[in-house]
Amino acid sequence: MVMRLAQDPDVLEKALALIPQFVLIVDRSGRIAYINHVEPGYDRAQVIGTYSDEVLTPESKRLHRAELDRVWTSGEVREFDVEVTAPD
């Protein structure tokens, strides 16, 4: 199965869509390159390319920035919870 995931991006996409948690791939600046799904009211295609902290509450932005800094310095995968604001 792992080999199939590595060889077929569609299979990986379908598997990630089933995970209830949000899975993001971001660059060092926090720009979203991939997100498996979004909160109601947001459009996934419009979220990709934006900064991952743009829709966070002020408290969550601080945690988010600290955790991303930790990822980039340690290289470890991190899991953390943040609060998202409602779309305009």
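The structure is a predicted model, in which local features need pLDDT of at least 70, side-chain atom pairs count only at pLDDT 80 or more, and totals for chains, interfaces and linings use all residues. Residues are numbered from 1 along each chain as its sequence is written, and side-chain values use heavy atoms, with hydrogens and water left out.

**Overall make-up**

- The chain contains four helices and two strands; helices (H or I, at least four residues) and strands (E, at least two) are DSSP runs, numbered from the N terminus.
- Read from the N terminus, the order of elements is α-α-β-β-α-α.
- The C-alpha trace of the chain spans about 40 × 35 × 20 Å along its principal axes.

**Surface, contacts and charge**

- Of the 88 residues in the chain, 19% are buried, where buried means under 20% relative accessible area, exposed over 50%, and partly exposed in between (1.4 Å probe, protein chains only).
- The accessible surface of the chain is about 6,600 Å², and carbon and sulfur atoms account for 56% of that area; accessible areas come from the Shrake-Rupley method with a 1.4 Å probe, and for residues only the protein chains shown count as cover.
- Among contacts (heavy atoms within 4.5 Å) between residues at least 6 apart in sequence, 27% join residues at least 24 apart.
- The chain carries 10 positive and 16 negative side chains, and the centres of the two sets lie 4 Å apart. Lys and Arg count as positive and Asp and Glu as negative, while His and the chain ends are not counted; the place of a charge is taken as NZ of Lys, CZ of Arg, CG of Asp or CD of Glu.

**Helix 4**

- Helix 4 has 17 residues and reaches 25 Å from its first C-alpha to its last, close to the 24 Å expected at 1.5 Å a residue; the expected span is 1.5 Å times one less than the number of residues.
- The buried residues in helix 4 are S60, H64, E67 and L68. Seen down the axis of helix 4, these buried residues fall within an arc of 105°, so they line one face of the helix; the arc is that of the directions from the helix axis to the C-beta atoms.
- Strand 1 (24–26) is included in what covers the buried residues of helix 4.
- On the other side of helix 4, P58, E59, R62 and T73 are exposed.
- Just after helix 4, G75 takes a positive phi of about 80°.

**Residue E59**

- E59 lies in helix 4 (residues 58–74) and counts as exposed because its relative accessibility is 60%.
- E59 and N36 are 23 residues apart in sequence, and their C-alpha atoms are 23 Å apart in space.
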